[in-house]
Every structure is written in C-alpha cells, then in structure tokens.
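Please report on the ligand site and the cavity of this predicted model.

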Amino acid sequence: MKTTLLQSSDITGITFWLISMALLASTFFFWIERNSVKASWRTSMTLSGLVTGIAFVHYMYMREVWVSTGTSPTVFRYIDWLLTVPLLMIEFYFILSAVKKVSSGIFWRLFLGTLVMLIGGYLGEAGYMNINAGFIIGMAGWIFILYEVFSGEAGREAARLSGAAKDCFEFCKWIVTIGWSVYPLGYLFGYMTGSANEVTLNLVYNLADFINKILFGLVIYKTAASLTPAGSK
Ligand SMILES: *C/C=C(C)/C=C/C=C(C)/C=C/C1=C(C)CCCC1(C)C
C-alpha cells in the first residue's frame with residue numbers, strides 16, 4: 001500500500017495535526033499544574049486533562065484517516081464526544097463545588113442532559129433514526145443543559161457567587177452556548193442540508209475544539225491559580 005503524507009496545501013489536515021499537538025501539550029500541562037492549585041480545584045484540573053487526553057488519542061486516529069483518505073466522517077467524532085462532552089459539562093458542578101456546597105442534582109442533570117443531546121445526534125447522524133427527529137432530541141438535550149446553567153439551580157447558585165469563580169462560570173457558560181453552537185450548525189449544514197463540504201466542516205470542528213476543550217480548561221486553571229493564595233495549597 002502506498003504511504004500517504006500530509007500535503008502542505010491541506011489546511012484541514014494541518015489543523016488536525018495542530019490540534020493533536022496542542023491537546024497533548026494541554027494534557028501534560030493540566031495534570032502537572034493540578035498539584036500547584038488549591039485542593040478544592042484539583043478535580044476540575046484532572047477532568048480538563050482527561051478531556052484533552054481522550055481527544056488527543058482520538059485526533060491522532062482522525063488525522064490518520066483524513067490524511068490517507070481525504071475524509072473524516074463526523075460519526076467518528078461522536079466516540080470522542082460521548083466521553084469528553086459529559087466531562088466538560090460536569091465541570092460546572094465542580095466549579096461551583098470548589099467554592100460552595102451544592103446539590104448533586106446539578107451534577108446529574110448536566111450529565112444526563114448531555115447524554116440525551118449526544119445520543120439523539122448520534123442516532124440521527126449514523127442513520128438509526130430519522131434525521132430531523134435526531135436533531136430535535138439533540139437540541140432538546142442542549143437546551144436543557146443551557147437552561148440549567150443559565151436559569152436552573154446551577155445558574156442560580158452561580159449568581160450568588162462573586163469574584164473569580166463567578167467569572168469562570170460565566171465564561172464557561174458562554175463557551176457552551178456560542179462555542180458549542182458550531183456542532184448543531186454542522187449537523188444542520190453538513191448533514192441535513194448537505195450545503196457544507198467535509199473540508200470546511202472538519203476545519204471548523206478542529207478550530208472549535210481548540211476553544212471548547214483547551215481554552216475551557218485554561219480558564220478553569222487560571223481561576224484555580226488565582227484563588228490559590230501565594231505560598232499555600
Ligand atoms: C469537544 C467537543 C464538544 C464540546 C462537542 C460538542 C457537541 C455538541 C454540543 C453537539 C450538539 C448537537 C446538538 C445540539 C443537536 C444536534 C446533534 C448534536 C449532537 C450535533
């Protein structure tokens with residue numbers, strides 16, 4: 001079999017590499033820095049590193065498929081999403097619980113809402129369910145978790161915070177609103193209407209993952225570090 005190499009003109013292929021390396025570096029960073037922050041923030045740091053670590057392994061595979069075949073089916077991404085997206089979403093619970101006592105109902109609603117969103121999308125995109133029905137179930141799951149962080153119990157708990165922890169929650173809230181909107185839009189334009197091609201779709205997903213996985217973790221790290229008093233842990 002002929003070996004295919006990454007072409008210098010393949011911008012999408014280059015972004016597959018770029019994000020792979022950035023995910024690897026972030027994983028080391030989050031896990032090493034975990035011990036330099038206050039104990040109450042360490043679970044969040046562990047989770048951030050798990051998200052980037054799982055995505056790294058997945059990206060190595062997707063990159064290989066992309067370089068050798070010039071395509072990377074979105075359905076592959078669901079394997080990564082099924083693990084990393086619930087981990088990202090429960091970060092909201094851990095941000096709150098790093099600074100106050102909160103109910104575990106928040107944790108379970110965020111976790112289950114995320115699964116509904118992903119399973120609906122997967123069944124639709126992999127052809128096990130009507131395309132529109134999959135989209136509607138996926139959207140319902142997303143709206144449910146957005147409601148929780150904006151106006152549900154999580155949102156109300158966050159509104160009573162002040163300072164860095166509140167800013168962190170707010171920032172992450174906008175990431176899951178704006179940053180995450182790329183994926184349902186991808187479903188809409190790439191799959192339902194077929195108007196976006198794979199080159200663009202993968203390029204956009206790759207760049208979005210930078211923000212939604214790496215920047216998300218960095219903001220939590222920055223918050224944790226700023227709330228760790230100098231000379232203590
Ligand atoms: C690191 C990967 C992330 C943050 C992936 C997030 C994926 C989503 C927010 C997907 C959402 C979807 C909908 C809201 C409706 C249609 C189906 C999905 C699964 C594409």
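## Ligand shell

Around the ligand there are 16 residues. Val 85, Met 117, Trp 180, Tyr 183 and Lys 213 come nearest. A residue is near a molecule if one of its heavy atoms lies within 4 Å of it. On its own the ligand has 530 Å² of accessible area, and the protein covers 100% of that. Accessible areas come from the Shrake-Rupley method with a 1.4 Å probe; for residues, only the protein chains shown count as cover.

The shell has 12 nonpolar residues, two polar and two charged. Nonpolar means Ala, Val, Leu, Ile, Met, Phe, Trp, Tyr, Cys and Pro; charged means Asp, Glu, Lys and Arg; the others, Gly among them, are polar. At least two shell residues each come from helix 3 (74-99), helix 4 (104-125), helix 5 (131-150), helix 8 (182-192) and helix 9 (198-226). Helices are DSSP runs (H or I, at least four residues), numbered from the N terminus.

## Basis of the model

This is a predicted model: local features need pLDDT of at least 70, side-chain atom pairs count only at pLDDT 80 or more, and totals for chains, interfaces and linings use all residues. Residues are numbered from 1 along each chain as its sequence is written, and side-chain values use heavy atoms, with hydrogens and water left out.

## The cavity

How many cavities of 30 Å³ or more are there? The count comes to one. A cavity is a set of points, on a 1 Å grid over the protein atoms alone, where a 1.4 Å probe fits but cannot get out; lining residues have an atom within 4 Å of a point. The largest cavity holds about 310 Å³ of space. Grid points are joined across faces, edges and corners, and the volume is the space filled by probe spheres set on the points. The ligand sits in this largest cavity, meaning that more than half of its atoms lie within 2 Å of the grid points.

The lining of the largest cavity numbers 21 residues. Nearest its centre lie Trp 81, Met 117, Leu 118, Tyr 183 and Pro 184. Helix 3, helix 4, helix 5, helix 8 and helix 9 give two or more residues to this lining. Helix 5 supplies the largest share, five residues. By class, the lining has 14 nonpolar, four polar and three charged residues.

## Residues on helix 3

Leu 87 belongs to helix 3. Is Leu 87 buried or exposed? Leu 87 counts as buried because its relative accessible area is 18%; buried means under 20%, exposed over 50%, and partly exposed in between (1.4 Å probe, protein chains only). Its C-alpha atom is separated by 9.5 Å from that of Ser 44, 43 residues apart along the chain.

Phe 94 is also in helix 3. Phe 94 is buried, at 19% relative accessibility. Phe 94 and Leu 47 are 9.6 Å apart, C-alpha to C-alpha, and 47 residues apart in sequence.

Val 204 is in helix 9. With 39% relative accessibility, Val 204 is partly exposed. The C-alpha atoms of Val 204 and Tyr 183 are separated by 9.2 Å, with the two residues 21 apart along the chain.

Glu 64 lies in helix 2 (residues 42-69). Glu 64 is partly exposed, at 48% relative accessible area. From Glu 64 to Ile 143, 79 residues apart along the chain, the C-alpha separation is 34 Å.

Note on methods. On a 1 Å grid over the protein atoms alone, a cavity is a set of points where a 1.4 Å probe fits but cannot get out, and a pocket is an open set with protein on both sides within 12 Å along at least five of seven lines; lining residues have an atom within 4 Å of a point.
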